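I opened my notebook to look up side-chain contacts. I wanted to see who pairs with whom, and where.

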Amino acid sequence: MQMTGMRWPLVAAAVLVGLGAAAGLPRAQTAYKIEPDDEIKIEVWEKPELTRASTVLSDGTVTLPLIGEVRVAGSTPSELEEELARKFSLYDRQITAVSIAVTAYNSKSIFVLGEVAKPGKYARWPMPTLWDLLREAGGPTESAYLGGVQVIRKGATGERNITTVDLNQIWGRGVPTNLPELEPDDTVI
């Protein structure tokens, strides 16, 4: 079925919204480990003046008042809460609890280019499905060619691996299950 004129973006947007809502597909989930470039908020409950928003440096550390440089990369937020509460309590016994929130998953960025309403960098966790990512990017534009959506990934040796997906084939057939899984640093065109 071929769509022309203004109907195509409306139909495509409606399908993306509907499929995204229905896409409660189970995905492998593990506790998130903080990585360089992520943004975190460190809240010291008993001492609000020590609360900080920090970006994890490329060496995996942040610098905090009282305790100095701390390696945070590789830790889950709950592991880091315990470690920082222990370290802060060495300097001030009134500090018994620290709360960690990841406010930006910058280490988990995917780039969306081409004919979507809002091309750009998208940082999310858990990694979105291809449907969710296209929906977040505002859906395809009127001139988008959905028969050749590309997922570009850098291989271990630096080569580019390109997977081409024909989204036209699956319109109206329910939630697709055979779409490629997205990974950090992928580019979708």
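My entries below go through ring pairs and then salt bridges.

**Entry 1: the model.** I noted that this is a predicted model.

**Entry 2: aromatic pairs.** I looked for rings that pair, and I found 2 aromatic pairs in the structure. One of them joins Tyr-32 and Tyr-105. Their ring centres are 4.8 Å apart. The planes stand at 90°, and the pair is edge-to-face.

Where do Tyr-32 and Tyr-105 lie? I found Tyr-32 in the loop between helix H1 (7-22) and strand S1 (39-44). Tyr-105 is in the loop between strand S5 (98-104) and strand S6 (109-112). These parts are 73 residues apart in sequence, so the pair ties them together.

Next I checked accessibility. Tyr-32 has 9% relative accessibility and counts as buried. Tyr-105 comes to 22% and is partly exposed.

**Entry 3: salt bridges.** How many salt bridges are there? I got a count of 7. I looked up several of them.

**Entry 4: Glu-35 and Lys-108.** These two form a salt bridge, with the closest N and O atoms 2.7 Å apart. Glu-35 lies in the loop between H1 and S1, and Lys-108 in the loop between S5 and S6. This pair therefore ties together parts 73 residues apart in sequence.

Is Lys-108 buried or exposed? Lys-108 counts as buried, at 9% relative accessibility. Glu-35 is partly exposed, at 28%.

**Entry 5: Asp-92 and Lys-47.** Here the closest N and O atoms of the salt bridge are 3.3 Å apart. The pair links distant parts of the chain, 45 residues apart. Asp-92 sits in the loop between helix H2 (77-91) and S5. Lys-47 sits in the loop between S1 and strand S2 (52-55). I read both accessibilities: Asp-92 is buried at 18%, and Lys-47 is buried at 16%.

**Entry 6: Lys-87 and Glu-83.** Their side chains meet in a salt bridge of 3.1 Å, N to O. Both residues lie in helix H2. They are 4 residues apart, about one turn of the helix. Lys-87 is partly exposed at 25%, and Glu-83 is partly exposed at 22%.

**Entry 7: a network.** My last look-up was for shared partners. Salt bridges join Arg-153, Glu-183 and Asp-186 into one network.

Notes. Residues are numbered from 1 along each chain as its sequence is written. This is a predicted model: local features need pLDDT of at least 70, side-chain atom pairs count only at pLDDT 80 or more; totals for chains, interfaces and linings use all residues. Side-chain values use heavy atoms; hydrogens and water are left out. Rings of Phe, Tyr and Trp (its six-membered ring) pair if their centres lie within 6.5 Å; planes under 30 degrees apart count as stacked, over 60 as edge-to-face and the rest as tilted. Helices (H or I, at least four residues) and strands (E, at least two) are DSSP runs, numbered from the N terminus. Buried means under 20% relative accessible area, exposed over 50%, partly exposed in between (1.4 Å probe, protein chains only). A salt bridge is a side-chain nitrogen of Lys or Arg within 4 Å of a carboxyl oxygen of Asp or Glu.
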